[in-house]
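Visitor: I would like to walk through this model with you, one question at a time. Could you take the terms slowly as they come up?

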Amino acid sequence: MTTLTPEQLVDVTNWRYATKKFDPNRKIEASVWASLEHALIDAPSSFGLQPWKFFVITDQTVKSRLVGASWNQTQPGDCSHHVVFALKKGIDAAHVDHFLRRQIEVRGGTMDKLSAYGKIIKESLASAEASGTLDVWQGNQVYIALGHFMMAAALLGVDTCPMEGIDRAQYDEILGIKGSRFTTLVACAAGYRADDDKYADAKKVRFPATEVVQKI
């Protein structure tokens, strides 16, 4: 495995920013996107349950409609790939069994051998559901996937802009998932910054390490 030097990692994180203006004429090559799609699929989640679906929009008509559902921010229309991170609501025992069957398919084993593990997961979900925190907990996993995707993109020199300034209900309607078990949480535009995006060279405003990092 090829690794970055510490200096190279700092360069990547400094280079990345929330791109405000994308070049609509530059598209992510298929091979690059395949790697980014793998990063989405490979994202970590609690228990590995993957309570999500990723909608990848490249159709210009749909992207343009999403501009209106994003308070007229232009990133969805101008970016190459607009990714919508949707939560699978109310994941349950059936979802756990589906996950365990997939684990057996990939790693081998039997449902009997995984029954104790499955019981732990199901009890954790039931407890969260009883306390009204199930979708909040699983929604947090979706944001982990967002961060995973954004860092992967930066490492490949692809710009991104995470977007919570969106009308989630409108997104659900446009994507055709209204009334389903999936609901939009956040979106992320991906592509390449426009040459005249004034924010590209702006210095990042961050609190100093002394304020946000405490070593114990």
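Visitor: In which loop is asparagine 72 found?

Guide: This is a predicted model, in which local features need pLDDT of at least 70 and side-chain atom pairs count only at pLDDT 80 or more, while totals for chains, interfaces and linings use all residues. Residues are numbered from 1 along each chain as its sequence is written, and side-chain values use heavy atoms, with hydrogens and water left out. Helices (H or I, at least four residues) and strands (E, at least two) are DSSP runs, numbered from the N terminus. With helix H3 at 60–68 and helix H4 at 75–78, asparagine 72 is found in the loop between H3 and H4.

Visitor: Is asparagine 72 buried or exposed?

Guide: Buried means under 20% relative accessible area, exposed over 50%, and partly exposed in between, with a 1.4 Å probe and protein chains only. Asparagine 72 has a positive phi of about 65 degrees although it is not a glycine. Its relative accessible area is 58%, and asparagine 72 is therefore exposed.

Visitor: What is the relative accessible area of glutamine 50?

Guide: Glutamine 50 has its place in the loop between H2 and strand S1 (52–57), and although it is not a glycine, it has a positive phi of about 50 degrees. Glutamine 50 counts as partly exposed, because its relative accessible area is 35%.

Visitor: How are the rings of tryptophan 33 and phenylalanine 149 arranged?

Guide: Rings of Phe, Tyr and Trp (its six-membered ring) pair if their centres lie within 6.5 Å, and planes under 30 degrees apart count as stacked, over 60 as edge-to-face and the rest as tilted. The structure holds six aromatic pairs. In the pair of tryptophan 33 and phenylalanine 149, the centres are 6.0 Å apart and the planes stand at 70 degrees, so the arrangement is edge-to-face.

Visitor: How many residues apart in sequence are the parts that this pair ties together?

Guide: Tryptophan 33 counts as buried at 8% relative accessibility, and phenylalanine 149 counts as buried at 0%. Because tryptophan 33 lies in helix H2 (residues 30–41) and phenylalanine 149 in helix H7 (residues 134–155), the pair ties together parts whose separation in sequence is 116 residues.

Visitor: Which residues form one aromatic cluster?

Guide: The rings of tryptophan 52 and phenylalanine 54 have centres 5.4 Å apart and planes at 35 degrees, so this pair is tilted. Both tryptophan 52 and phenylalanine 54 are buried. The cluster is formed by Trp33, Trp52, Phe54, Phe85 and Phe149.

Visitor: Over the face of which residue does arginine 26 lie?

Guide: A charge sits over a ring if NZ of Lys or CZ of Arg is within 6 Å of the ring centre and within 35 degrees of the ring normal. Lysine 20 lies over the face of tyrosine 199, at 5.4 Å from the ring centre. For arginine 26, the distance from the ring centre is 3.9 Å, and the ring belongs to tyrosine 192.

Visitor: With which residues is threonine 183 in contact, leaving aside its neighbours within four places in sequence?

Guide: Threonine 183 is found in strand S4 (residues 182–191), and at 18% relative accessibility it counts as buried. Contact means heavy atoms within 4.5 Å. Leaving aside those neighbours, the contacts of threonine 183 are Phe85, Ala86, Leu87, Lys89, Asp172 and Ile177.
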